[in-house]
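I set out here what I looked up in the structure shown below. The entries follow the order in which I consulted it.

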Amino acid sequence: MVLDIAFAPMALSPGTFNAGDTLRVTMSFKYVIGVNTTVKLLAGPYSTNLFGKHMVNACVGQADVPLAASSEPAEGSASVDFLLVPKSSGGIDNGTYGLRVWIEDTNAVAEQDNVIIVTGNASGGDMLSSMLPMLMMLLMMGLIMPMTQQMSEETG
């Protein structure tokens, strides 16, 4: 089975979304295939740094797309939903991300940089963990100080 498929180019405007939102991507494509088949369409955000592009795997969504046999280029479209899993659940951090859409086990890939802006992740947990050692010290001093004052009154 040989599948020849090509995505239409993406021309998205950047959008701002909250962590926890579900995004839907609809792709148009042309394909040629000899037999009826089902392919897996995947989509999700990626970040870019000096070492390349990195998918946020916790946020990748997938959908099965049935394709009817066609010997001539046929038009197709499909949608896939993906969840912006919050950072506290092992997902995406606040920031700007690209969008990648692809069909599994093919070379059909479409990407666009800087189109998903994520906000809404709570940062309170990070602040508490950084303050915890200082709070422990204050608690210990609160326990020790009355004991030392009591001992100094007994000896004096």
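Where does Val56 lie? I found Val56 in the loop between strand S5 (52–55) and strand S6 (61–67); strands are DSSP runs (E, at least two residues), numbered from the N terminus.

**Basis of the entries.** I note that this is a predicted model, in which local features need pLDDT of at least 70 and side-chain atom pairs count only at pLDDT 80 or more, while totals for chains, interfaces and linings use all residues. Residues are numbered from 1 along each chain as its sequence is written, and side-chain values use heavy atoms, with hydrogens and water left out.

**Val56.** Is Val56 buried or exposed? I recorded Val56 as buried because its relative accessibility is 14%; buried means under 20% relative accessible area, exposed over 50%, and partly exposed in between (1.4 Å probe, protein chains only). I then listed its contacts (heavy atoms within 4.5 Å). Leaving aside neighbours within four places in sequence, Val56 touches Pro45, Tyr46, Gly91, Ile92 and Tyr97. I also checked Val56 against Pro133, 77 residues apart along the chain: their C-alpha atoms are separated by 32 Å.

**The open sheet.** I next traced an open sheet of 3 strands, with antiparallel pairing and the order S1-S3-S7; two strands pair if DSSP finds at least two bridges between them. Strand S1 (3–7) and strand S7 (70–83) are the edge strands, each pairing on one side only. The twist averages 30 degrees from one strand to the next, with axes as lines fitted to C-alpha atoms and angles running from 0 to 180 degrees between N-to-C directions.

I counted 5 bridges between S1 and S3. Here Asp4 stands opposite Val32 of S3, and Phe7 has Phe29 as its bridge partner in S3. S3 and S7 pair over 11 bridges, and Ile33 stands opposite Ser70 in S7.

Which side chains of S3 point to the buried face? I read Leu23, Val25, Met27, Phe29, Tyr31 and Ile33 as pointing to one face and buried.

**Strand S9.** I looked up the partners of strand S9 (109–119). S2 pairs with S9 in the parallel sense over 4 bridges, and Phe17 has Val118 in S9 as its bridge partner. Strand S8 (residues 95–103) runs antiparallel to S9, joined by 7 bridges, with Trp102 partnered by Val109 in S9. The hairpin of S8 and S9 has 5 residues between the strands, and there Asp105 takes a positive phi near 65 degrees.

**The largest pocket.** I noted a volume of about 210 Å³ for the largest pocket. A pocket is an open set of points on a 1 Å grid over the protein atoms alone where a 1.4 Å probe fits, with protein on both sides within 12 Å along at least five of seven lines; lining residues have an atom within 4 Å of a point. Volume is the space filled by probe spheres set on the points. Of the 18 lining residues, Met10, Leu12, Arg24, Val25 and Leu99 are the closest to the centre of the pocket. S3 gives the largest share of the lining, 6 residues.
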